[in-house]
Amino acid sequence: MSGPIGPAEVDAHFRRAVGALPARSARDLRDVVRDGTGLTGAEALDLFEAQTTSRHLDFAARSMQSQGHGFYTIGSSGHEANAAVAAVLRPTDPALLHYRSGAFYVARAAQVPGQDPARDVLRGVAAASTEPISGGRHKVFGNHELAVIPQTSTIGSHLPRALGVAFAIERAGRLGLESLWPADAVVVASFGDASANHSTVTGAIGAACHLVHQKLPLPLLLVCEDNGLGISVRSPRDWIHAAYGARPGLRYLAADGSDLAATYDAAREAARYVRAERRPVFLHLHTVRLMAHAGSDVEGAYRSPDELTADLERDPLVGTARLLVEAGAARPEELLARYEAVGARVDRTAGEVALEPHLSSAHEVVAPLAPRHADRVAVEAGRHAGESARRAAFGGRLPENEAPLTLAQAINRTLVDELALRPEMLVFGEDVAVKGGVYGVTRGLRRAFGAARVFDTILDEQSVLGIGLGTGVSGMLPVPEIQYLAYLHNAEDQVRGEAATLSFFSLGQYTNPMVVRIAGLGYQKGFGGHFHNDDAVGVLRDIPGLVIAVPARPDDAAAMLRTCLAAARVDGSVCVFLEPIALYHTRDLHTDGDERWLAPYVSPGRWTEHHAPLGVARTYGAGDDLTIVTFGNGVRMSLRVAGDLAVSGVGCRVVDLRWLAPLPVDDLLREATATGRVLVVDETRRTGGVSEGVVTALVDAGFQGQIARVASADSFVPLGAAANLVLLSEETIRHAARELLARS
């Protein structure tokens with residue numbers, strides 16, 4: 001074939017190839033389609049229907065785009081053997097699907113009465129607001145009734161979550177918890193050969209092997225659909241087998257994805273092994289890619305006509321038709337009639353979907369992003385375990401509630417209380433269990449609650465967050481720790497692309513409640529440098545719907561952590577709890593020994609009155625001359641500066657934002673208006689730092705007073721005393737305050 005291969009060419013080739021097949025004598029559909037396979041004629045006909053539906057959906061997507069009704073043309077043509085993977089699994093097995101898994105989706109839908117997968121997919125193509133999983137926000141394969149968790153990933157970033165779901169199934173059983181999934185479920189995740197090279201995929205598979213090496217169960221089926229191409233970049237021949245064919249703890253199976261029976265048999269054995277042995281399998285399907293990567297891709301620019309023709313000759317739909325005809329399960333004309341009927345049905349549905357409504361307002365678009373139910377969160381945050389459970393958690397003796405605590409101690413005490421209250425809560429990360437955290441924040445938790453709930457993880461932040469994503473979507477309440485803020489950046493897409501999008505792309509049908517504890521910010525003494533004094537929070541502030549808490553005081557840390565856990569439980573919120581390292585063990589405020597940075601731990605019966613709602617700031621003082629707006633380490637520095645200014649008769653009020661998202665704009669404007677002068681004290685970098693958002697919020701709200709800001713330099717933080725040259729200092733704050741006061 002000399003020209004490009006599009007829908008017309010693929011369709012014509014199928015009709016021609018099937019029409020030329022010699023008919024065979026009819027056989028009982030209960031018979032297998034060939035010797036040595038477990039696939040019967042009846043099953044093969046059902047799968048042919050799913051494959052044909054998927055193929056016509058690809059045709060319809062291209063047609064809809066040409067008419068201005070469609071917006072997504074990445075198809076599944078050439079990958080339709082994945083229908084056999086669905087056939088050997090149960091509709092209750094959680095599935096996280098590659099964007100070429102159309103036939104899998106159609107085949108799974110056939111297992112559950114009342115489903116209309118063609119309409120689902122076409123509504124996604126049309127971005128129709130009637131689409132049942134994302135409501136027109138993206139074209140995804142997802143369906144809560146089919147246990148298909150929607151994925152927008154194109155680079156395998158869903159594999160850490162798949163790892164986490166498989167982990168959650170077994171951990172829920174071990175802890176006696178209810179789960180969204182059956183106890184013997186198999187988690188399936190599909191991805192392409194190019195994605196198999198991505199660090200997210202290699203990390204997740206490495207973590208799976210690591211778990212199995214420790215003899216921990218992990219019912220995970222990894223399906224690599226290998227068409228040899230990543231858009232135009234070729235995968236080296238046999239690379240996937242070389243990379244994954246002999247990994248310890250990972251069984252490898254392979255099949256020709258153009259041969260339905262071979263794929264069915266390999267998939268059936270893979271599913272049987274995972275379900276029975278609770279160990280992972282890597283199923284490698286050799287597929288072809290028909291009709292280019294997407295509608296806009298001109299593959300003739302990088303593939304020869306001979307190569308395109310060779311792929312067309314391996315069309316899996318033709319392969320299934322040949323299998324059926326040679327087995328006597330169907331005549332060629334019967335298959336062509338089925339093919340024609342499916343095409344007509346899909347075309348008719350496409351015409352109907354093109355007339356359906358679309359999202360019509362920004363409010364409608366963002367509605368499922370991050371729901372907030374403040375009253376319910378407040379009630380949830382006030383709940384506490386009974387005295388006997390608390391006493392057991394604290395080793396038989398309740399602590400003195402009014403004893404003053406440091407920030408680290410307050411977080412630890414809160415984690416103990418919350419773990420005692422919430423049996424579904426897990427605390428995990430690097431060094432959090434046996435060691436009790438680098439700074440001792442999680443000390444004693446493993447001893448009190450056991451290694452099944454408080455555990456150390458592999459040194460891979462993507463996998464740490466993936467376990468959080470998977471356990472969260474499975475009904476647990478994960479509290480993963482990222483050891484330092486700088487360590488988040490190589491895994492940040494697990495928060496941005498996976499955690500923050502799930503509710504948005506599933507209309508809230510799936511959520512992943514999670515509170516990510518991160519030690520960060522600057523001013524750590526005696527141990528620092530760039531990776532241990534990182535203030536790059538801009539990457540988090542840019543994520544829609546994410547809650548960002550930055551407690552400065554011990555009493556706030558306890559209340560805010562309870563709020564984050566309550567919001568995660570009630571609203572499925574994804575929260576980052578950013579803990580200032582330099583304040584962990586700080587005791588004094590103004591002078592050595594004054595212990596004014598300590599605070600008593602509020603007893604459970606008073607939690608409701610000490611609730612810290614999302615997006616509500618805390619103000620210190622009521623001065624009329626200057627409002628200092630800050631957070632984190634800036635709170636302590638600003639209070640010290642305010643104390644110095646008070647000596648000279650200047651009245652300040654210091655506003656601790658506490659929440660960087662949602663930003664407490666109402667409190668900010670009220671306190672700014674009270675003095676008419678605002679100094680924003682921002683320990684993060686001047687460019688891209690928090691102060692930019694604060695100043696913008698004031699301007700947008702119509703604040704007419706004077707504004708100034710101070711921030712750290714646009715630099716990485718160096719080691720030792722040189723750090724003080726780029727980090728914001730008290731002297732800089734004091735000087736800026738006096739300058740602002742001198743303006744009027």
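User: Which rings count as an aromatic pair here, and how many such pairs does the structure hold?

Analyst: Rings of Phe, Tyr and Trp (its six-membered ring) pair if their centres lie within 6.5 Å. This is a predicted model. By that rule, the number of aromatic pairs in the structure is twelve.

User: Thanks! Is the pair of Phe167 and Phe455 stacked, tilted or edge-to-face?

Analyst: A pair of aromatic rings is described by the distance of the centres and the angle of the planes. For Phe167 and Phe455 the centres are 5.5 Å apart and the planes are at 45°. Planes under 30 degrees apart count as stacked and over 60 as edge-to-face, so this pair is tilted.

User: Where in the chain do these two residues lie, and how many residues apart are they?

Analyst: Phe167 belongs to helix α6 (residues 159–175), and Phe455 to strand β10 (residues 454–456). The pair links distant parts of the chain, with a separation of 288 residues.

User: Are Phe167 and Phe455 buried or exposed?

Analyst: The cut-off for buried is under 20% relative accessible area. Phe167 has 6%, and Phe455 has 10%. Both values fall under the cut-off, so Phe167 and Phe455 are buried.

User: What kind of pair do Tyr484 and Tyr487 form?

Analyst: Their ring centres are 5.3 Å apart, with the planes at 80°. Planes over 60 degrees apart count as edge-to-face. The pair of Tyr484 and Tyr487 is therefore edge-to-face.

User: Which of these two tyrosines is buried, and which is partly exposed?

Analyst: Tyr487 has a relative accessibility of 22%, so this residue is partly exposed.

User: Which residues do ring pairs link into a cluster?

Analyst: Here the ring pairs join up into a group. Its members are Phe191, Tyr244, Tyr252 and Phe282.

User: Over which rings do Arg137 and Lys139 sit?

Analyst: The charged end of Arg137 is 5.7 Å from the centre of its ring, which belongs to Phe504.

User: How many residues of helix α5 are buried, and which helices do they pack against?

Analyst: Helix α5 (residues 117–125) is mostly covered, with nine of its nine residues buried. Among them are Arg119, Asp120 and Arg123. The buried residues pack against α2 (41–66), α4 (102–109) and α12 (332–353).

User: In what order do the strands of the five-stranded open sheet run, and which are at the edges?

Analyst: The sheet has mixed pairing and the order β16-β18-β17-β20-β21. An edge strand pairs on one side only, and the edge strands are β16 (618–620) and β21 (706–712).

User: How do β20 and β21 pair, and which residue is the bridge partner of Arg685?

Analyst: Strand β20 (residues 677–685) pairs with β21 in the parallel sense, over seven bridges. The bridge partner of Arg685 lies in β21 and is Ser712.

User: Which helix lies across β16, β17, β18 and β20, and at what angle to β17?

Analyst: The helix is α24 (residues 665–675). In the loop between β19 (659–661) and this helix lies Pro662, joined to Ala661 by a cis peptide bond. The angle of α24 to β17 is about 155°.

How values were computed:
Residues numbered from 1 in each chain as written. Predicted model: local features only at pLDDT ≥ 70, side-chain atom pairs only at ≥ 80, totals over all residues. Heavy atoms only, no water. Pairing = 2+ DSSP bridges. Helix = DSSP H or I, 4+ residues; strand = E, 2+ residues; numbered from the N terminus. Contact = heavy atoms within 4.5 Å. Axes fitted to C-alpha atoms, helices over the stretch in contact; angles between N-to-C directions. Buried < 20%, exposed > 50% of the residue type's maximum accessible area, 1.4 Å probe, protein only. Lys NZ or Arg CZ within 6 Å of the ring centre and 35° of its normal.
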